[in-house]
Structure formats: C-alpha cells, structure tokens
Amino acid sequence: NDTRVRLRTKPNLTSDTWAFLSRGDKVLIKDKSAEPFIIDGESWYWYKVDHPNYPDGWVYGKYVDIVE
C-alpha cells in the first residue's frame with residue numbers, strides 16, 4: 001500500500017534489501033514475526049512473503065494490505 005516498499009532478507013531494519021515492491025504488487029504471506037516491531041511509535045508484525053520475481057523476503061506489516 002505504498003509506492004516503494006523494501007523486501008528485506010530478514011525481519012528487521014538493518015537487514016539487506018532484496019528488492020523494492022510497488023503499490024499493487026501481489027504477494028503470498030508465508031509467515032509472520034513472533035512479536036510486533038515498533039517503528040516511529042507504530043507497532044506492526046513483519047510478514048515473510050513470496051513474490052514470483054524475487055526470493056522470499058520480509059515486509060513491514062504497515063505496508064501490507066491483507067486480503068483473504
């Protein structure tokens with residue numbers, strides 16, 4: 001739900017970035033972090049996602065719209 005979201009190698013801000021996802025990119029959620037992570041006073045989980053063009057990576061939950 002943002003124009004340029006980092007797909008990270010691990011669920012934290014210091015890990016490397018695999019790629020940048022764009023608004024509207026569809027991913028499959030495979031896992032989520034055990035605990036929420038606080039960034040700028042907001043608490044969200046990290047989600048491990050599968051994207052067809054990149055290795056599995058982690059996206060901060062604030063930038064994921066979950067559709068069932």
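Reader: Is Phe37 buried, exposed or partly exposed?
Author: In this predicted model, Phe37 counts as partly exposed, because its relative accessibility is 29% and that class lies between the 20% limit for buried and the 50% limit for exposed.

Reader: How many aromatic pairs does the structure hold?
Author: There are three aromatic pairs in the structure. In one of them, the ring centres of Phe37 and Trp46 are 6.0 Å apart.

Reader: Why is the pair of Phe37 and Trp46 edge-to-face?
Author: The planes of the two rings, Phe37 and Trp46, stand at 65°, and an angle over 60 degrees counts as edge-to-face.

Reader: Which residues form one aromatic cluster with Phe37?
Author: The cluster consists of Phe37, Trp46, Tyr60 and Tyr63.

Reader: Let me stay with Trp46. Is Trp46 buried or exposed?
Author: Trp46 is buried, because its relative accessible area is 2% and the limit for buried is under 20%.

Reader: Which strand does Trp46 lie in?
Author: Trp46 belongs to strand β6, which spans residues 46-51.

Reader: And what stands opposite Trp46 in β7?
Author: Tyr60 of β7 stands opposite Trp46. Tyr60 is also one of the residues in the aromatic cluster with Trp46.

Reader: How many bridges join β6 to β7?
Author: Five bridges join β6 to β7, which covers residues 54-60, and the two strands run antiparallel. Together β6 and β7 form a hairpin, with two residues between them.

Reader: Which strand is joined to β6 by four bridges?
Author: That is strand β3, residues 28-32, which runs antiparallel to β6. Within this pairing, Asp31 has Lys48 of β6 as its bridge partner.

Reader: How far apart are Trp46 and Asn12 in sequence and in space?
Author: In sequence, Trp46 and Asn12 are 34 residues apart. In space, the distance between their C-alpha atoms is 8.0 Å.

Reader: Changing topic to pockets. What is the volume of the largest pocket?
Author: The largest pocket has a volume of about 440 Å³. Its lining consists of 18 residues, and those nearest the centre are Asp25, Lys26, Val27, Val64 and Asp65. By class, the lining of the largest pocket holds 10 nonpolar, three polar and five charged residues.

Reader: How much space lies in the second largest pocket?
Author: The second largest pocket holds about 220 Å³ of space. Of its 13 lining residues, the closest to the centre are Leu13, Ile39, Trp46, Tyr60 and Tyr63.

Reader: What classes of residue line the second largest pocket?
Author: Six of the lining residues are nonpolar, seven are charged and no polar residue is present. Strand β1, residues 5-8, gives the largest share of this lining, with three residues.

Reader: Which ring does the charged end of Arg4 sit over?
Author: The charged end of Arg4 sits over the ring of Phe20, at 3.6 Å from the ring centre.

Reader: And which residue lies over the face of Tyr45?
Author: Lys32 lies over the face of Tyr45, and the distance to the ring centre is 4.0 Å.

Reader: One last topic. What is the phi of Asp40?
Author: Phi of Asp40 is near 50°, a positive value in a residue other than glycine. Most residues other than glycine have a negative phi.

Reader: Where is Asp40 found, and is Asp40 buried or exposed?
Author: Asp40 is in the loop between β4 (37-39) and β5 (42-44). Asp40 is exposed, because its relative accessible area is 76% and the limit for exposed is over 50%.

Technical notes: Residues numbered from 1 in each chain as written. Predicted model: local features only at pLDDT ≥ 70, side-chain atom pairs only at ≥ 80, totals over all residues. Heavy atoms only, no water. Pairing = 2+ DSSP bridges. Buried < 20%, exposed > 50% of the residue type's maximum accessible area, 1.4 Å probe, protein only. Phe/Tyr/Trp six-rings, centres within 6.5 Å; stacked < 30°, edge-to-face > 60°. Lys NZ or Arg CZ within 6 Å of the ring centre and 35° of its normal. 1 Å grid on protein atoms, 1.4 Å probe; cavity = no way out; pocket = protein on both sides within 12 Å on 5 of 7 lines; lining within 4 Å. Points joined across faces, edges and corners; volume = space filled by probe spheres on them. Nonpolar A, V, L, I, M, F, W, Y, C, P; charged D, E, K, R; others polar.
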